[in-house]
Amino acid sequence: MQTEFHTVALFGKYDKRASTEHLCQLADFLIAQGLRVFVESRSLGAFGMSDYPLASLDEIGEHADLAIVFGGDGTLLNLARMLAPYKIPIIGVNQGRLGFMTDVSLDDMCQTLANMLLGGYVVEHRVMLEAEVMRQGRLVFTSLAVNDVVMSRGGLGRMIEFEIFIDDQFVYSQRSDGLIVSTPTGSTAYALASGGPILHPGIGGITLVPICPQSMSNRPIAVSDQSRIEFVLTRGLDARAHFDGHYHFDM
């Protein structure tokens, strides 16, 4: 097979042993096409796929030119954050419920991927957010996010108060349940459910969507994806920052 991809890394959903059969099926198919195949080490350990080469994330980042992930959209989001520093393209095979981003079906994955390996695909570049939590002038946590960064009230259930600065310019102060800072990818997720707009992935913007604000004048706003958003917590016990709904950090 004449393809621009030569080394493929396979990732499975770590808590879903049912992925084993399909991972093996695809691995065998890719090897038959003359491609080099790695299975990410945690997937290999979880599913006991000892017949295929094991590779760590760093090894995959160094050698692979394509990643294929089995799982749902959450699995793909997690993988996208991990592989972002290596700039490896990702294809998602849907084993979740929605499959909004993991849109290759299990039933025809080999045929679909064969066409993609021959050039039958369109590349989409998605903006990501890089977030830092600062405390008393010191960096205490950092994370990437594909969908959104959410600052919200914690388990106590009380509203929080905060100020927003965009590129060092004060924009507003707010009392609410929190704020969603969303990429165009995440604009169809939590931000949409909170009344935010849908942004096309090609738009260079991010949205700030209040969560249940205590004011009729607070509305979602969109800014350039080159902007620096500063969220300053002025009052709020047990407030937290969430990253793609996978990680959180106490503010």
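This is a predicted model: local features need pLDDT of at least 70, side-chain atom pairs count only at pLDDT 80 or more; totals for chains, interfaces and linings use all residues.
Residues are numbered from 1 along each chain as its sequence is written, and side-chain values use heavy atoms, with hydrogens and water left out.

Six strands form an open sheet with antiparallel pairing, in the order 13-12-11-8-15-16. Strands here are DSSP runs of E with at least two residues, numbered from the N terminus, and two of them pair if DSSP finds at least two bridges between them. Strand 13 (221-224) and strand 16 (247-250) stand at the edges with a single partner strand each, so one side of each lacks a neighbour in the sheet. On average, neighbouring strands of this sheet are turned by 20° against each other, direction ignored; the axes are lines fitted to C-alpha atoms.

Within this order, strand 11 (residues 178-182) pairs with strand 12 (residues 205-211) in the antiparallel sense over five bridges. Ile 180 stands opposite Val 209 in strand 12, and Ser 182 stands opposite Thr 207. Strand 8 (residues 148-152) also pairs with strand 11 in the antiparallel sense, over five bridges, and here Asp 148 stands opposite Ser 182.

How is strand 11 placed relative to the rest of the structure? Five of its five residues are buried (under 20% relative accessible area, 1.4 Å probe, protein chains only), so strand 11 is largely enclosed by the rest of the structure. Gly 178, Ile 180 and Ser 182 are buried on one side, and Leu 179 and Val 181 are buried on the other, so that both faces are covered.

Conventions
Helices (H or I, at least four residues) and strands (E, at least two) are DSSP runs, numbered from the N terminus. Axes are lines fitted to C-alpha atoms, for helices over the stretch in contact, and angles run from 0 to 180 degrees between N-to-C directions. Buried means under 20% relative accessible area, exposed over 50%, partly exposed in between (1.4 Å probe, protein chains only).
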